[in-house]
Amino acid sequence: MESSSQSTQRSMPGGSTDGQRKPPPVPYHSTPFDYDPDVLCFCKLKAARLISWIDTNPCLRYYRCRRRWSGEGCTFYQWHDPESDKYMKRLLLDLRDTIYDLRDQNAILEQQLKEANGMNDVLVTESAEKSASLKKLQRKLAERDADAVQQAMPRKISAWNCSCFIVLVLALLFGLVLSLVGPV
Ligand SMILES: [Zn+2]
């Protein structure tokens, strides 16, 4: 473990630099206080052990006063892991940035999916309304067809009656003519 005096030559997270403002690219495997033996800060409290993701010291564990984030506490910090070599730092930063890029892309895709789902809901509602409207029109059409059939029926019957009447009159006339002519 690196002492506090040695670590002052290395950049600490939480300054003006980069990645530490974002959430860590990978979830922590333990809580900040799940470690042994205890490391005490200047306040004589167990210090929180965190992981740095800043450009200068990526993926290194360090200790910091637990009350630092509330604006109180002390300025204690101490590195737990030794500094990585140049190659390892570059590799870790590339992996970190790849995860951040994928998260950004995922957020965009989730937003697009949300918008597409919203549009789909609108289309489904419109489709249901049009379907209901179509069924209503079909019912009206069926009712009109039924009315038209009912109105056509008396006309057919009356045409048939008229034909029968004409045949009957012709038959009577024919019979009258035969009776007037009489047997020869
Ligand atoms: Zn402290």
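How many C-beta neighbours does isoleucine 99 have inside 10 Å, and does isoleucine 99 count as buried, exposed or partly exposed? Isoleucine 99 counts as partly exposed because 15 C-beta neighbours lie inside 10 Å, where a residue is called buried if 20 or more other C-beta atoms lie within 10 Å of its own, exposed if 12 or fewer do, and partly exposed in between, with C-beta atoms placed from the backbone.

## Basis of the description

This is a predicted model, in which local features need pLDDT of at least 70 and side-chain atom pairs count only at pLDDT 80 or more, whereas totals for chains, interfaces and linings use all residues. Residues are numbered from 1 along each chain as its sequence is written.

## Overall organisation

The protein chain has two helices and three strands, and from the N terminus on these elements follow the order α-β-β-β-α. Helices (H or I, at least four residues) and strands (E, at least two) are DSSP runs, numbered from the N terminus.

Of the 184 residues in the protein chain, 10% are buried. Among contacts with a separation of 6 or more, 53% come from residues 24 or more positions apart, a contact being a pair of residues whose C-beta atoms, placed from the backbone, lie within 7 Å.

## The sheet

The three strands form an open, antiparallel sheet in the order S1-S2-S3. Strand S1 (48–53) and strand S3 (77–79) stand at the edges with a single partner strand each, so one side of each is left without a neighbour in the sheet. Neighbouring strands are turned by 35 degrees against each other on average, direction ignored; here axes are lines fitted to C-alpha atoms, for helices over the stretch in contact, and angles run from 0 to 180 degrees between N-to-C directions.

Two strands pair if DSSP finds at least two bridges between them. Six bridges join S1 to S2, and the two strands form a hairpin with four residues between them. Along this pairing, tryptophan 53 stands opposite proline 58 in S2, while the bridge partner of serine 52 is leucine 60 in S2. Three bridges join strand S2 (residues 58–64) to S3, again in an antiparallel arrangement, with glutamine 78 of S3 as the bridge partner of tyrosine 63 and tyrosine 77 of S3 as that of arginine 64. S2 is mostly covered, with five of its seven residues buried.

## Backbone features

Most residues other than glycine have a negative phi, and most peptide bonds are trans. Cysteine 59, which is found in strand S2, has a positive phi near 65 degrees; cysteine 59 counts as partly exposed, with 19 C-beta neighbours inside 10 Å.

A cis peptide bond with omega of about -15 degrees joins aspartate 36 and proline 37. Lysine 44, although not a glycine, has a positive phi of about 70 degrees, and lysine 44 is exposed, with 7 other C-beta atoms within 10 Å.

## A link across the sequence

Isoleucine 99, the residue of the opening question, has its place in helix H2 (residues 86–181). Between isoleucine 99 and proline 25 the C-alpha to C-alpha distance is 6.1 Å, although the two are 74 residues apart in sequence.

Methods. Two residues are in contact if their C-beta atoms, placed from the backbone, lie within 7 Å.
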